[in-house]
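This briefing concerns the structure shown below.

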Protein chains: 2
Amino acid sequence: MNMTTALGLVAGTLTTVAFLPQVVRTWKTKSAKDLSLPMLASFTTGVACWFFYGLWIDSLPIMLTNGITFVLAATNLILKLKYG
Amino acid sequence: MNMTTALGLVAGTLTTVAFLPQVVRTWKTKSAKDLSLPMLASFTTGVACWFFYGLWIDSLPIMLTNGITFVLAATNLILKLKYG
């Protein structure tokens with residue numbers, strides 16, 4: 001594996017797992033007041049678009065990273081709607 | 001412009017501008033308690049990696065979208081450190 005591919009994998013992993021600690025925090029504190037609903041809605045929709053973009057250009061890395069990020073981002077969005 | 005390129009541009013725009021309303025909200029409310037510091041740190045670092053990945057593979061779209069997202073994500077991180 002060359003350095004560029006390795007950097008892409010690190011980048012994809014960091015931006016994908018990033019939303020896990022946010023889900024855990026909101027789940028524990030049952031508080032999402034400081035989270036911006038437009039941010040969550042825009043980001044979740046954008047990540048869904050990236051997933052279908054990956055599907056259309058037949059890119060497994062783009063589909064995989066954005067598929068996982070979508071699940072986490074959508075969970076954050078639902079928790080925001082639930083806990084306000 | 002074909003549909004796939006258009007979808008990629010929509011996806012990039014949505015996931016880039018998404019962080020602007022979060023910066024505005026935190027700036028206005030001076031409150032970032034519900035934002036997860038590990039999320040912001042991981043996401044900001046990951047987006048920086050995506051920027052350099054774009055630089056290495058000479059991809060202007062990846063550099064541009066992740067360069068803007070980095071500025072917004074880093075601003076969110078600084079506001080989180082400032083307002084706690």
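Copies are superposed by least squares on the C-alpha atoms of residues with pLDDT of at least 70 in both. The model is a predicted one. On that basis, chain A can be laid on chain B by a turn of 180° with a shift of 0.0 Å along the axis, and the RMSD is 0.0 Å. This is the relation of a two-fold axis.

**Symmetry**

- Among the residues of chain A, A:D34 comes closest to the rotation axis, its C-alpha lying at 2.6 Å.
- The same surface serves both copies, as 100% of the contact residues of chain A recur in chain B.

**Extent of the interface**

- The contact involves 35 residues of chain A and 35 residues of chain B.
- Between them, chain A and chain B bury about 3100 Å², and carbon and sulfur atoms account for 71% of that area.
- Three residues, A:L7, A:D34 and A:W56, supply 20% of the area that chain A buries against chain B, which is more than any other three residues supply.

**Polar and charged features of the interface**

- How many salt bridges does the rule find across the interface of chain A and chain B? The number is zero.
- Polar contacts are present, however: 15 residue pairs between chain A and chain B are counted, with both residues at pLDDT 80 or more.

**Elements and composition on the side of chain A**

- The elements of chain A that give two or more residues to the side touching chain B are α1 (3–17), α2 (19–29) and α3 (37–56).
- Of the elements, α3(A) gives the most to that side, with twelve residues.
- By residue class, the side of chain A that touches chain B divides into 21 nonpolar, ten polar and four charged residues.

**Architecture of chain A**

- Chain A contains four helices and zero strands, and its pattern along the sequence reads α-α-α-α.
- Along the principal axes, the C-alpha atoms of chain A fill a box of roughly 45 × 25 × 15 Å.
- Chain A has 84 residues, of which 45% count as buried.
- Considering contacts in chain A between residues at least 6 apart in sequence, 71% join residues at least 24 apart.

Note on methods:
Residues are numbered from 1 along each chain as its sequence is written. Chains are lettered from A and ligands numbered from 1 in the order in which they are written. This is a predicted model: local features need pLDDT of at least 70, side-chain atom pairs count only at pLDDT 80 or more; totals for chains, interfaces and linings use all residues. Side-chain values use heavy atoms; hydrogens and water are left out. Contact means heavy atoms within 4.5 Å. Buried area is the accessible area (1.4 Å probe) that two parts lose on being put together, summed over both. A salt bridge is a side-chain nitrogen of Lys or Arg within 4 Å of a carboxyl oxygen of Asp or Glu. A polar contact is a pair of N or O atoms within 3.5 Å; within protein, one must be able to donate a hydrogen and the other to accept it, and residues adjacent in sequence count only if both atoms are side-chain atoms. Ala, Val, Leu, Ile, Met, Phe, Trp, Tyr, Cys and Pro count as nonpolar, Asp, Glu, Lys and Arg as charged, and the others, Gly among them, as polar. Buried means under 20% relative accessible area, exposed over 50%, partly exposed in between (1.4 Å probe, protein chains only).
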